[in-house]
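Look at the sequence and the 3D view together. The text below goes from the ligand to the domains, and then to the charged pairs.

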Amino acid sequence: MDYNFDQVIDRRSSDSVKWGYFAQDVLPMWVADMDFAAPPPITAALAERVQQGVFGYGLESKTLKQALVDRMAQLYRWEIRPEEIVLLPGLVCGLNVVTRAIGAPGDGVLTYTPVYGPFLTAPVNQGRTLQSAPLRTVHQGCRIRYELDMAGLAAACTPETRLFMLCNPHNPVGRSFTGAELNEIAAFCAERNLVICSDEIHCDLLLGTTQHLPIASLDPEIAQRTITLMAPSKSFNIPGLGASFAIIQNPTLRRQVEVSMAGIVPHINLFGMVAATTAYTACAEWLAALQHYLTANRDFAVRFIEQELPAIGTTFPESTYLLWLDLHRRATDGKVAEFLLANAKVAVNEGAWFGAGGEGFVRLNFGCPRPTLEEGLQRLRAALA
Ligand SMILES: Cc1ncc(COP(=O)(O)O)c(C=O)c1O
């Protein structure tokens with residue numbers, strides 16, 4: 001079946017945060033959702049559920065849990081059991097629940113920066129101490145690649161550190177960490193007896209030949225200290241339906257997380273459950289087509305930047321639909337996104353929101369039809385010429 005990812009859909013009248021937040025003349029390339037319609041089987045399953053007409057409390061779907069068990073085995077040769085899956089209404093919720101579950105007030109939560117903002121706020125929200133180390137940058141022409149800096153991580157870690165939060169694939173720098181890199185992190189955490197919280201929400205947004213490797217799938221011992229967070233929301237473009245999950249194989253850790261959720265975190269929405277189940281059972285072909293389209297968008301955007309905007313540094317993401325752009329040379333008090341909003345009428349995320357190392361950068365979302373991407377890049381070129 002052919003899917004038309006080039007189709008531009010008007011989202012302005014649909015209560016979309018991405019399209020409704022800024023003025024009409026602004027092209028939004030910020031919030032991490034895509035401008036594509038969800039896979040047709042999801043729309044059909046939701047319509048069928050609506051037709052039934054009764055929207056009472058839902059039961060955790062056994063079909064969904066079995067689909068996840070099958071998926072982990074098939075994609076990663078990772079054997080999990082249905083009872084090791086904890087359903088969650090969102091992954092920011094998951095980050096907060098996990099930081100609340102591990103350690104005690106004042107304990108350290110360690111992460112690499114730059115990183116998705118809630119990694120930096122969740123520990124603070126839960127009375128923990130945020131500890132961070134910068135990823136290392138490697139420059140080649142105008143391309144920037146981010147790598148682990150184990151010495152930096154060791155320097156930021158203290159005897160009070162209890163939890164390491166990993167973002168893999170990484171938002172905003174677009175890395176999918178290799179087995180060797182993940183093994184280094186796992187050894188580091190094992191040596192210091194740290195729990196690992198691995199946010200793998202972008203695990204299906206793989207570009208080119210990239211493969212995803214869950215850190216917990218490396219070996220059963222690592223799995224025992226790991227809480228893996230995943231969701232169909234990014235990959236199948238259903239974040240507004242609020243369906244996510246944690247895989248926690250260690251029963252003690254699972255219990256700690258369940259206690260920290262009790263009475264606060266609601267069950268996942270009925271429609272989210274239908275959409276998630278359909279995503280994992282009937283949308284493989286759509287996902288493959290999406291990956292192909294996003295790969296071409298990445299290649300188009302990076303080529304455009306290299307040829308037309310050589311003063312900008314850019315990542316060449318292995319995964320996600322996010323470009324991380326270095327505009328230091330254009331930085332006006334570090335407020336690059338503000339500059340682009342005013343002068344290019346393009347909304348992107350300010351790099352500083354991603355913590356240390358983000359100043360002078362912006363994050364641009366290329367999960368959109370090619371004509372929209374082209375328009376955004378042309379606007380940047382005109383403003384930065
Ligand atoms: C790494 C990461 N985690 C979590 C989220 C948000 O998840 P949710 O919308 O399920 O709260 C995002 C959204 O961009 C993300 O990039």
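In this predicted model, the residues that surround the ligand are A32, G90, L91, V92, Y116, C167, N171, D199, I201, H202, K234 and S244. Three of these can be followed atom by atom. L91 takes part through its backbone: an N or O atom there lies 2.7 Å from an oxygen atom of the ligand. N171 uses its side chain instead, with a polar atom 2.7 Å from an oxygen atom of the ligand. D199 also has a polar side-chain atom facing the ligand, in this case 2.6 Å from a nitrogen atom.

Next, step back to the whole chain. In the contact between them, 39 residues come from domain 1 and 35 residues from domain 2.

How much area do domain 1 and domain 2 bury between them? The value is about 3,000 Å², and 58% of it is on carbon and sulfur atoms. On the side of domain 1, E318, T320 and F354 supply 21% of the area buried against domain 2, more than any other three residues.

The elements that give two or more residues to the side of domain 1 that touches domain 2 are α11 (284–308), β11 (313–314), β12 (322–326) and β15 (361–365). Of these, α11 gives the most, with 10 residues. Sorted by type, the residues on this side of domain 1 are 23 nonpolar, nine polar and seven charged.

Side chains of opposite charge can pair when their charged atoms come close. Three salt bridges are found across the interface of domain 1 and domain 2. In the model, R145 and E318 form a salt bridge through their side chains, with 3.0 Å from N to O. E318 was named above as one of the three residues that supply 21% of the area domain 1 buries against domain 2.

A search of the whole structure gives 19 salt bridges. One more to find in the view is the pair of D25 and K345, whose side chains meet at 3.7 Å, N to O. Where in the chain do D25 and K345 sit? D25 is in the loop between α1 (17–20) and β1 (27–28), and K345 is in the loop between α12 (336–343) and β13 (346–347). The pair links distant parts of the chain, 320 residues apart.

Notes. Residues are numbered from 1 along each chain as its sequence is written. This is a predicted model: local features need pLDDT of at least 70, side-chain atom pairs count only at pLDDT 80 or more; totals for chains, interfaces and linings use all residues. Side-chain values use heavy atoms; hydrogens and water are left out. Contact means heavy atoms within 4.5 Å. Buried area is the accessible area (1.4 Å probe) that two parts lose on being put together, summed over both. A salt bridge is a side-chain nitrogen of Lys or Arg within 4 Å of a carboxyl oxygen of Asp or Glu. Helices (H or I, at least four residues) and strands (E, at least two) are DSSP runs, numbered from the N terminus. Ala, Val, Leu, Ile, Met, Phe, Trp, Tyr, Cys and Pro count as nonpolar, Asp, Glu, Lys and Arg as charged, and the others, Gly among them, as polar. A residue is near a molecule or strand if one of its heavy atoms lies within 4 Å of it. A polar contact is a pair of N or O atoms within 3.5 Å; within protein, one must be able to donate a hydrogen and the other to accept it, and residues adjacent in sequence count only if both atoms are side-chain atoms.
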